[in-house]
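This report describes selected helices, cores and contacts of one protein model. Please consult the sequence and structure shown below while reading.

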Amino acid sequence: MKITKKIVLEEKDMPTQWYNIVADMSVKPQPMLHPQTRQPLTMADLTPLFSEESARQELSTERFIDIPDQVRDLYRIWRPTPLVRASGLEKALDTPAKIYFKNESISPVGSHKLNSAIPQAYYCHEQGIRHMTTETGAGQWGSALSIACRHFGLDLTVFMVNSSYEQKPYRKSVMRTYGANVIPSPSPVTKVGRELRERFPNTAGSLGMAISEAIEIAQQQPDTRYGIGSTMSHVCLHQTIIGEEARKQLEIAGDWPDIVIGCFGGGSNFSGIAFPFMRDTLCEGKKIRFIAAEPEACPKLTQGKFEYDFGDTEGLTPLIPMYTLGHDFEPAAIHAGGLRYHGAGAVVSQLMKDGTMEAVDINQLDSFKAGILFSQVEGIIPAPESTHAIYATIQEALRCKEEGKEKTILFCLSGHGLIDMASYDRYFAGELNK
């Protein structure tokens, strides 16, 4: 392990606004449609499900949106996060590339998810909402929303994908420690859960199933709203604080990225690191490659179709224009549970369709191998989701070596893997498949 250089912003330099990329897109995303009427969604359609402010942000074309003071006060617990020059990884690869990573693993819950959990809980609190429901894959989002709800005095019910509920016991322990009610999905608690269990008795579960259950509860119980950890535009908006900080930090370093990489499930951390730099591509024509690293087991960007599809298994969500494998797709029970989602968000899908970004799919064994190398040379054990971004970064750095070109690569380390060691144990035991 080599000593690395951190570029740290002062607290006063933390961004005061989130960036809404829709304002700068020449081709706007197609509208989401009401699941029954098939008409474009309105505020009135969204507010029974989300807080009023989250719904407003979902439909907004405003370029910058102010971060509330109370949200920024909580962000200050761990933000700004450091930008790190991965000199250990550079040396191990013997590459001329300069590699930087934005370390989102230092948040209290160990991932980037808190960036959106706090504002979503805050907006519900300000509206007088008392209860929230949500889904979670690997448990990172559920953990984040659990502590955010606890801070604002909200009750939270989390439907956790069954495979991750079994694979990651300490994720559910974290959520319960913060006061959340955690239920493996599909469950006997909801009508849709009971139907899914009957139709698929041996299912490992999926994010689509868990979303259906969470939405059912939110729609049926008064004083309750649904919180979502990825895919939707307002979530991607909140995550742009990652890239906005990274821009300032790279300016301090006197550098600028040629390539920006993030792992990809529904699009939250990829959007967070990439969208603020896409502003330069969309508005000034700067040449930057943006690479989404998704799992081979759930390759919606590389092998899915661009079409209207539901965001959940049972068709309770709006119809979203997205790259999708089909809302009834059930991926293999890989350990990167946060990436096991059948579709991409509307904004990311339009950017993919327009060629602003690209995608690669990576098998589970290759991702773990990359994560172990990163652990050994940088000292941070990454979450299984983040290992996909690391693998893609390594491939680009090796390409620089083959071509003899010095390029600057930036990736988002979306979370640490210290609660995922059972997954690493299975890798070392040879028990994981591709």
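## Helix α12

In α12, the residues Ile241, Ile242, Gly243, Glu244, Glu245, Ala246, Arg247, Gln249 and Leu250 are buried, where buried means under 20% relative accessible area, exposed over 50% and partly exposed in between, with a 1.4 Å probe and protein chains only. Helix α12 covers residues 241-253; helices (H or I, at least four residues) and strands (E, at least two) are DSSP runs numbered from the N terminus. Its 13 residues reach 18 Å from the first C-alpha to the last, close to the 18 Å expected at 1.5 Å a residue, the expected span being 1.5 Å times one less than the number of residues. Glycine 254 follows α12 and has a positive phi, near 70°.

## Basis of the model

The model is predicted: local features need pLDDT of at least 70 and side-chain atom pairs count only at pLDDT 80 or more, whereas totals for chains, interfaces and linings use all residues. Residues are numbered from 1 along each chain as its sequence is written, and side-chain values use heavy atoms, with hydrogens and water left out.

## Nonpolar cores

A nonpolar core is a set of buried Ala, Val, Leu, Ile, Met, Phe, Trp, Tyr and Cys residues joined through side-chain atoms within 4.5 Å. The largest has 34 residues, of which Trp18, Tyr75, Ile118, Ala121, Met132 and Leu145 touch the most other members. At least two residues of this core come from each of α3 (69-75), α5, α6 (140-152) and β7 (155-161); α5 gives the most, with seven residues. A second, separate core of 33 residues includes Phe275, Phe277, Phe290 and Val347.

## Packing of α6 and α8

Helix α6 packs with helix α8 (residues 169-177) at an angle of about 10°, their axes 8 Å apart. Axes are lines fitted to C-alpha atoms, for helices over the stretch in contact, and angles run from 0 to 180 degrees between N-to-C directions. The two helices α6 and α8 are therefore roughly parallel, a term for angles under 35 degrees.

Gln140, Gly142, Ser143 and Ser146 in α6 meet Arg171, Val174 and Met175 in α8, contact meaning heavy atoms within 4.5 Å.

## Leucine 325

Leucine 325 lies in the loop between β13 (319-324) and α15 (346-353) and counts as partly exposed because its relative accessibility is 24%. Leaving aside neighbours within four places in sequence, leucine 325 is in contact with Cys298, Pro299, Lys300, Gln303, Gly304 and His342. Lysine 300 is 25 residues from leucine 325 in sequence, yet 5.4 Å away in space, C-alpha to C-alpha.

Note on methods. Parallel < 35°, antiparallel > 145°, perpendicular 65-115°, else oblique.
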